[in-house]
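Hello,

Here is the structure we talked about. Please have a look at it, then read the notes below.

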Amino acid sequence: MEDLKSSVTTNESSRRQFMIWATGILAAVCGVVVGIPLVGSFIGPRKASSDHWIRVADLKDLPAGRPVGLTATDMEADAYLQESVVRRLWVIKHSDNVVTAFSPTCPHLGCQVNWNAASGHFECPCHGSVYSPDGKVLGGPAPRPLDTLATRIDQGSLSINWQRFRSGIARKIPV
Ligand code: FES
């Protein structure tokens, strides 16, 4: 009877020990699964590199001397998620090795500017800012010229360094 009682106690003790271990391991796994994204969200997205080159066109496909609206597919990081996004921009090919690229974002409050071929100006539909083909402010509340994007030409292929800039201020400051 004593032996039976002792055996039951030992079994119960080892089952309890097993449950303690299993609970500990489960808690550790849950901690890792929940903790890594949580820490990532506290740290936030890594500071955007100032180098973010996107191939946008073959130069031979661009007409010379007038603004052309382009789109390019890009990947954007949001904390630990990556998603595909479409970038818009305006480019003007001056020659086979000189191109100007403009951000499409109005420096006033961030609307998208459009090229008006009839007037020969970039125009913002939101508050009426008007820009010359080289990006200078001709009218409206825009505090600075259109923001240019760095360009790179490699074997006839045009890439731009994609950046966003603060709106509503006179200086061109990347965000
Ligand atoms: S956002 Fe373009 S003029 Fe205001």
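Which cysteines form a disulfide, and how far apart are their sulfur atoms? Cys 111 and Cys 126 do, with the sulfurs 1.9 Å apart. Keep in mind that this is a predicted model.

The structure holds 1 disulfide. The link of Cys 111 and Cys 126 is left-handed, at -95 degrees about the S-S bond. Distant parts of the chain are joined here, 15 residues apart. Cys 111 sits in the loop between S4 and strand S5 (114-116). Cys 126 sits in the loop between strand S6 (121-123) and S7. Cys 126 counts as partly exposed, at 38% relative accessibility. Cys 106 is buried at 1%, and Cys 124 is buried at 7%.

Next, the cores. The largest nonpolar core has 17 residues. Val 56, Leu 62, Leu 70, Leu 89, Val 91 and Ile 160 have the most contacts inside it. At least two of its residues come from each of strands S1 (53-58), S2 (67-78), S3 (81-95), S4 (98-102) and S11 (157-161). Another core, of 10 residues, lies apart from it; among its members are Val 113, Phe 122, Cys 124 and Tyr 131.

Last, Ser 132. Its place is the loop between strand S7 (130-131) and strand S8 (137-139). Ser 132 counts as buried, at 10% relative accessibility. Beyond its neighbours within four places in sequence, Ser 132 contacts His 121, Phe 122 and Leu 138. Its side chain makes a polar contact with the side chain of Asp 134, at 2.3 Å.

Best regards

Conventions. Residues are numbered from 1 along each chain as its sequence is written. This is a predicted model: local features need pLDDT of at least 70, side-chain atom pairs count only at pLDDT 80 or more; totals for chains, interfaces and linings use all residues. Side-chain values use heavy atoms; hydrogens and water are left out. A nonpolar core is a set of buried Ala, Val, Leu, Ile, Met, Phe, Trp, Tyr and Cys residues joined through side-chain atoms within 4.5 Å. Buried means under 20% relative accessible area, exposed over 50%, partly exposed in between (1.4 Å probe, protein chains only). Helices (H or I, at least four residues) and strands (E, at least two) are DSSP runs, numbered from the N terminus. Contact means heavy atoms within 4.5 Å. A polar contact is a pair of N or O atoms within 3.5 Å; within protein, one must be able to donate a hydrogen and the other to accept it, and residues adjacent in sequence count only if both atoms are side-chain atoms. A disulfide is a pair of cysteine sulfur atoms within 2.5 Å.
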